[in-house]
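Dear colleague,

Please find the structure below, followed by a summary of what was found in it. I would be grateful if you could read the two together.

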Amino acid sequence: MWKWLHPYANPETSYQLAGRLQPWFTGLSAVLLLIGLVWALAFAPADYQQGDSFRIFYIHVPAAILSMGLYTSMAIIAFTGLVWQLKLADASTAALAPIGAVFTAIALFTGAAWGKPMWGTWWIWDARLTSELILLFLYLGVIALHNAFEDKALAGKAAGILAIVGVVNVPIIHYSVEWWNTLHQGATVTKFGRPAMAPEMYWPFLLCLFGFAFMTAAIVCMRFRTEVLARNAMRPWVRALALQASESQEAK
Amino acid sequence: MNPRRKKRLTIITSVISGVAIVAGLVLYALSQNIDLFYMPSEVHSGKQDTGVKAQVGQRLRIGGLVVPGSIERDADSLKVSFKLADMKTPISFSDDEPTVTVKYDGILPDLFREGQGIVANGTLTNGNIINASEVLAKHDENYMPKELADSAKEKHGGGGYGSGK
């Protein structure tokens with residue numbers, strides 16, 4: 001496996017791999033999101049208790065899952081980056097953090113918009129909502145640290161340490177609804193056994209979840225490529241790439 | 001693995017486990033303060049783990065299920081009072097379980113109904129009565145279309161918080 005992974009420690013190889021994968025991710029996410037969102041918002045049956053208001057579930061839950069998933073991946077990448085001193089790890093965490101922060105903000109915002117009509121309040125300091133808010137601050141901290149130092153390697157190290165330490169919050173978010181009594185209901189998607197959600201409501205959710213996941217992957221590829229270019233601007237291969245691009249621009 | 005990497009791996013792993021242990025202990029120590037609400041049985045006999053009882057006059061949140069048949073509405077104002085019993089699955093009510101009476105003057109959330117999970121914020125007064133200033137609805141994690149909910153109710157006599165219509 002190491003032999004297979006080794007070439008991708010080279011910025012140029014990873015840059016090209018990300019470029020090759022990106023259109024596939026974009027296409028898949030467009031198809032899945034189109035089908036999933038139309039199905040979810042227009043055709044899935046309304047909930048017996050909440051009526052049509054429950055449809056915000058199809059945005060809220062994927063955003064929340066991705067906010068936690070992205071943080072975990074960011075922490076794992078930061079961990080490998082610190083232990084094996086991979087330069088590309090810094091570029092990846094810098095690429096991931098703003099996307100995760102946006103998903104966290106979306107989860108908090110849609111949650112508030114859902115909570116007002118259903119619970120009767122925009123916000124309550126229960127364990128789930130508070131720990132998710134802390135996740136947003138952790139993301140903002142990682143972004144801030146990436147931009148706090150002139151030296152990109154030093155900045156990446158500082159941000160990586162914060163990302164690793166903050167990962168403690170992720171299981172707290174997930175289990176907050178089981179460990180403490182909260183206004184937020186328990187987990188629907190990961191609950192096995194009893195039917196937490198009717199199948200005709202669950203399928204469009206899966207499409208939306210994977211649609212958003214592939215959209216994230218496409219944006220990650222895009223951001224990763226720009227980060228790699230910015231960090232290797234002085235390398236010959238980046239100069240050759242820039243020269244090539246400007247020539248083809250002139251030819252037009 | 002070369003020794004430098006091994007050293008870094010050890011340092012980082014021990015930092016993570018240290019932080020995790022600290023976070024775990026802090027959360028454990030704070031556990032009763034992180035709980036959003038008291039349950040009716042806890043108002044009667046104290047918190048489950050610590051046995052700490054709520055004082056009369058204390059502001060607290062109470063969470064429970066609205067006991068069917070206990071809702072009394074005032075004829076010419078928004079005043080309402082209802083009894084709360086402990087939340088449990090599957091939903092069931094018995095006559096001898098501890099309940100707390102909530103008095104509230106205001107607009108109830110749309111999801112408010114008999115058998116619904118409710119979280120109320122207010123002051124505890126004598127006789128396990130709570131004068132609530134805010135009533136919030138708590139719904140469960142189950143979602144289903146209306147037809148399915150109706151047929152489930154016929155088969156099992158209900159499931160989910162909305163069963164006691």
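How many helices and strands does chain B have? Chain B has four helices and six strands, where helices (H or I, at least four residues) and strands (E, at least two) are DSSP runs, numbered from the N terminus. Along the sequence of chain B, these elements follow the pattern α-α-α-β-β-β-β-β-β-α.

Two remarks on conventions come next. This is a predicted model, in which local features need pLDDT of at least 70 and side-chain atom pairs count only at pLDDT 80 or more, while totals for chains, interfaces and linings use all residues. Residues are numbered from 1 along each chain as its sequence is written, chains are lettered from A and ligands numbered from 1 in the order in which they are written, and side-chain values use heavy atoms, with hydrogens and water left out.

Chain B

Of the 165 residues of chain B, 42% count as buried (under 20% relative accessible area; exposed is over 50%, partly exposed in between, with a 1.4 Å probe and protein chains only). Among the contacts in chain B with a separation of 6 or more, 55% are accounted for by residues 24 or more positions apart; contact means heavy atoms within 4.5 Å.

Helices α4 and α5 of chain A

The axes of α4(A) (residues 87-118) and α5(A) (residues 127-146) come within 9 Å and cross at roughly 150°. Here axes are lines fitted to C-alpha atoms, for helices over the stretch in contact, and angles run from 0 to 180 degrees between N-to-C directions. On the α4(A) side, the contact is made by residues including T93(A), A97(A), G100(A) and T104(A), and on the α5(A) side by residues including L129(A), L136(A) and Y139(A). The residues of this contact divide into 14 nonpolar, four polar and two charged (Ala, Val, Leu, Ile, Met, Phe, Trp, Tyr, Cys and Pro count as nonpolar, Asp, Glu, Lys and Arg as charged, and the others, Gly among them, as polar).

L70(A) is in helix α3 of chain A and counts as buried because its relative accessibility is 7%. Apart from neighbours within four places in sequence, L70(A) is in contact with L96(A), I99(A), G100(A), F103(A), Y139(A) and T216(A).

L82(A) is also found in helix α3 of chain A, and its relative accessibility of 11% is why L82(A) counts as buried. With neighbours within four places in sequence left aside, the contacts of L82(A) include K157(A) and I161(A), together with R8(B) and I12(B) of chain B. L82(A) and G156(A) are 74 residues apart in sequence and 9.3 Å apart in space, C-alpha to C-alpha.

Q85(A) lies in the loop between α3 and α4 of chain A. Its phi is near 55°, a positive value in a residue other than glycine. Q85(A) counts as partly exposed because its relative accessibility is 40%.

Helix α7 of chain A

In α7(A) (residues 169-179), N169(A), V170(A), I172(A), I173(A), S176(A) and V177(A) are buried. What covers these buried residues includes α3, α5 and α6 (152-166) of chain A together with α1 (3-29) of chain B.

Yours sincerely
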